Amino acid sequence: GMPPEEFEKEIVAMFIRLGYRTKHVGHSHDGGIDAIAKKDGEEYLIQCKKYSTSVAGVNEVRAFNGVVSSHLAKKGFFITTNNFTTEAIREFENNPRIELVDSFKLLEYYKSSLNARV
């Protein structure tokens with residue numbers, strides 16, 4: 001029942017706990033970037049999709065890949081509360097510049113972030 005912007009802010013908090021300097025930039029017309037994270041001199045972009053019934057499709061991930069490339073970011077995290085289409089997984093699972101984070105991987109990251117608190 002969390003609104004999308006609150007979900008984005010929770011993802012920012014998770015990345016901060018994981019050791020990234022992170023800021024929320026998402027809003028309507030955000031250009032496909034909900035947050036920017038920095039660690040070890042590298043920039044990472046984050047796209048969040050809060051879906052309960054929809055899955056993230058290949059066209060959404062392709063668009064985000066273009067944003068990551070145009071910003072010369074080290075990597076992009078495409079995070080969804082659901083899953084990705086088979087086509088999106090097939091096309092991007094071995095792409096080192098895009099990390100697909102589905103609901104299961106998100107839970108792993110979240111648990112790790114809670115354990116990483118200092």
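The model is a predicted one, so please read every value below as computed from its atoms.

## The chain as a whole

Along the principal axes, the C-alpha trace spans about 40 × 35 × 30 Å.

Of the 118 residues, 40% count as buried. Among contacts with a separation of 6 or more, 52% are between residues 24 or more positions apart. The chain exposes about 6800 Å², and carbon and sulfur atoms supply 50% of that area.

| Helix | Residues | Number of residues | Span, first to last C-alpha | Expected span |
|---|---|---|---|---|
| α1 | 4-17 | 14 residues | 20 Å | 20 Å |
| α2 | 58-70 | 13 residues | 18 Å | 18 Å |

In α1, the span is close to the expected one at 1.5 Å a residue, and α2 likewise reaches a length close to its expected value.

Which residues of α1 are buried? They are Phe 7, Glu 8, Ile 11, Val 12, Met 14, Phe 15 and Arg 17, a list that includes the charged residues Glu 8 and Arg 17. These buried residues pack against β1 (21-24), β2, β3, β4 and α4 (103-115). Just after α1, Gly 19 takes a positive phi of about 100°.

For α2, the buried set is Val 58, Val 61, Phe 64, Asn 65, Val 67 and Val 68. Their spacing brings a general point to mind: an α-helix has 3.6 residues a turn, so residues three or four places apart point the same way. The cover over the buried residues of α2 includes β3 (42-49), β4 (75-80), α3 (86-92) and β5 (98-101).

## Strands and crossovers

On one side of the pairing scheme, β3 and β4 run parallel over six bridges, and Tyr 44 has Lys 75 in β4 as its bridge partner. The strands β3 and β4 also form a right-handed β-α-β unit together with α2.

Strand β4 pairs with β5 too, again in the parallel sense, over four bridges. Where do the two strands face each other? Gly 76 stands opposite Ile 98 in β5, and Phe 77 stands opposite Glu 99 in β5. From β4 the chain crosses through α3 to β5, and this β-α-β crossover is right-handed.

## Two loop residues with positive phi

Finally, two loop residues are worth a look when you check backbone torsions. Asp 40 has a positive phi of about 50° although it is not a glycine. Asp 40 sits in the loop between β2 (35-39) and β3, and at 73% relative accessibility Asp 40 counts as exposed, because the cut-off for that label is over 50%.

Leu 72 is the other case. Its phi is near 55°, a positive value in a residue other than glycine. Is Leu 72 buried or exposed? With a relative accessible area of 73%, Leu 72 is exposed.

How values were computed: Residues numbered from 1 in each chain as written. Predicted model: local features only at pLDDT ≥ 70, side-chain atom pairs only at ≥ 80, totals over all residues. Heavy atoms only, no water. Expected span 1.5 Å × (residues − 1). Buried < 20%, exposed > 50% of the residue type's maximum accessible area, 1.4 Å probe, protein only. Contact = heavy atoms within 4.5 Å. Pairing = 2+ DSSP bridges. Right-handed = clockwise from strand over helix to strand, strands pointing away. Areas by Shrake-Rupley, 256 points an atom, 1.4 Å probe, with all protein chains shown as cover.
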